Amino acid sequence: MRINEKTVAHLRELGAEVRQGVSMAGQTSLGIGGTTDEILLVRCETIPDVMRILAGEHIPHKFLGGGTNVLIADGELPWVMLRLPTAHPGMRVEGNAAYVDASADLGGMVTFCAKHDLGGMEGLIGVPGSVGGALRMNAGAYGTQIGPHVKEVELYRAATGRIETLRGDDIRFDYRHTSFAPDDVMLRVKLELPSKPYKEILAGIKVCNQKRRSSQPLNQKSAGCIFKNPPGGSAGRMIDELGLKGHRVGDAMVSDRHANFFVNAGHAGCGDMLKLMDDVRGRVRAATGVELENEVIVWRN
Ligand SMILES: Cc1cc2nc3c(=O)[nH]c(=O)nc-3n(C[C@H](O)[C@H](O)[C@H](O)COP(=O)(O)OP(=O)(O)OC[C@H]3O[C@@H](n4cnc5c(N)ncnc54)[C@H](O)[C@@H]3O)c2cc1C
């Protein structure tokens, strides 16, 4: 979708950066996605004004963090992409509290807190993407999830058109699901973390990094786990037991390292990935009766 010149000028007056005709294949870890205009917010405080302009001009939009958990349609996209400023995101520590901008890199936040002897998030070290994306998804790994550490979230609420602060206790964090409204935009978070010596945290980080490197196709384009684990089960094990590692539709392929990672092994399009997901889901359903649910967020035309 192209934003007209008058609106571009208006957005630039607010300090927002507008990039025209950006390929989302270059913005996502799957390397898949069509083209659209991108609005970089630069200053979070301007978000209510930016949203008012988009609403007034009837411009549909979606919000992109690090792009590591999304599968985006091909071709010219019928919405614009909004992003937070990623240069020099704020991070500071006061006692056991860490205050972090949502645009910060999640792994960077884990190591920043570790250097201030704040731990508890070692498991999240290899989860790529932004802090905002991790909040939205309640990212988790190796027994750790971000949700339980959240004290407060500052966010833009489309429902009120204002920036508000939510208490952690008022947010539900479930397995890869949260109670944020679909159009909430996370701006900053306050986390409360247990004190732990840096050396101890570093040892935990090392273990998690080794586990990840030994089991995941980290040098290939993926969005991490494509399906959620069903209650009490493992989607990866179910797919593996059907002998589907290496199974492919075009260049979309079930990783031969981790059966719940679907990789773009060349020039896969969104359609190839969706066909592969439907095919694998159907085979798992036929063999076990279990309906696998997407973990990856799919944005289709
Ligand atoms: C190699 C690899 C390994 C992975 N391993 C794990 C793992 O172990 N555990 C795990 O949980 N995930 C894992 N993932 C998936 C992914 O990294 C996480 O879900 C991550 O938290 C997504 O963050 P992101 O910034 O990239 O979000 P995006 O992919 O950009 O967006 C995901 C969703 O969050 C929303 N969003 C992003 N930022 C904001 C914001 N500021 N405000 C509101 N909404 C926002 C988007 O609109 C979208 O709905 C892995 C991915 C890869 C590629």
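A disulfide is taken here as a pair of cysteine sulfur atoms within 2.5 Å.

## Cysteines

Under that cut-off, the count of disulfides is zero. C208 belongs to no disulfide, and the nearest cysteine sulfur, that of C225, is 15 Å away.

Burial is expressed through relative accessible area: buried means under 20%, exposed over 50%, and partly exposed in between, with a 1.4 Å probe and protein chains only. On this scale C208 is buried, at 8%. C270 is also buried, at 4% relative accessibility.

## Basis of the model

The structure is a predicted model, in which local features need pLDDT of at least 70 and side-chain atom pairs count only at pLDDT 80 or more, while totals for chains, interfaces and linings use all residues. Residues are numbered from 1 along each chain as its sequence is written, and side-chain values use heavy atoms, with hydrogens and water left out.

## Overall architecture

The protein contains seven helices and 18 strands; these are DSSP runs numbered from the N terminus, with helices (H or I) of at least four residues and strands (E) of at least two. Its radius of gyration, taken over C-alpha atoms, is 20 Å, close to the 19 Å that the globule rule (2.2 Å times the number of residues to the power 0.38) gives for 301 residues, so the protein is as compact as a globular protein of that length.

Along the principal axes, the C-alpha trace spans about 55 × 50 × 30 Å. Of the 301 residues, 48% are buried.

## The ligand site

The ligand is surrounded by 33 residues, a residue being counted when one of its heavy atoms lies within 4 Å of the molecule. The closest are F63, G66, T68, S130 and G140. By class, this shell holds 16 nonpolar, 13 polar and four charged residues. In that classification Ala, Val, Leu, Ile, Met, Phe, Trp, Tyr, Cys and Pro are nonpolar, Asp, Glu, Lys and Arg are charged, and the others, Gly among them, are polar.

For G65 the distance is 2.8 Å, for P128 a backbone N or O atom lies at 2.9 Å, and for A134 the separation is 3.4 Å. On its own the ligand has 970 Å² of accessible area, of which the protein covers 93%; such areas come from the Shrake-Rupley method with a 1.4 Å probe. The elements that contribute two or more residues to the shell are α4 (131-137), β8 (140-141) and β14 (185-192). Helix α4 provides the largest share, five residues.

## E122 and its contacts

E122 is located in the loop between α3 (106-115) and α4. With a relative accessible area of 9%, E122 is buried. Its side chain makes a polar contact with the side chain of K196 at 2.7 Å and also reaches the backbone nitrogen of G120 at 2.8 Å. A polar contact is a pair of N or O atoms within 3.5 Å; within protein, one must be able to donate a hydrogen and the other to accept it, and residues adjacent in sequence count only if both atoms are side-chain atoms.

An α-helix has 3.6 residues a turn, so residues three or four places apart point the same way. In helix α2 (residues 47-56), the buried residues are I47, P48, V50, M51, I53 and L54. The helix is followed by H58, which has a positive phi near 55°.

Helix α5 (residues 198-215) includes Q210. Q210 is partly exposed, with a relative accessible area of 49%.

## Positive phi in two loops

H88 is a residue other than glycine with a positive phi, near 50°. It lies in the loop between β5 (80-83) and β6 (91-94), and at 79% relative accessibility H88 is exposed.

N138, also not a glycine, has a positive phi of about 50°. This residue is in the loop between α4 and β8. At 0% relative accessibility, N138 is buried.
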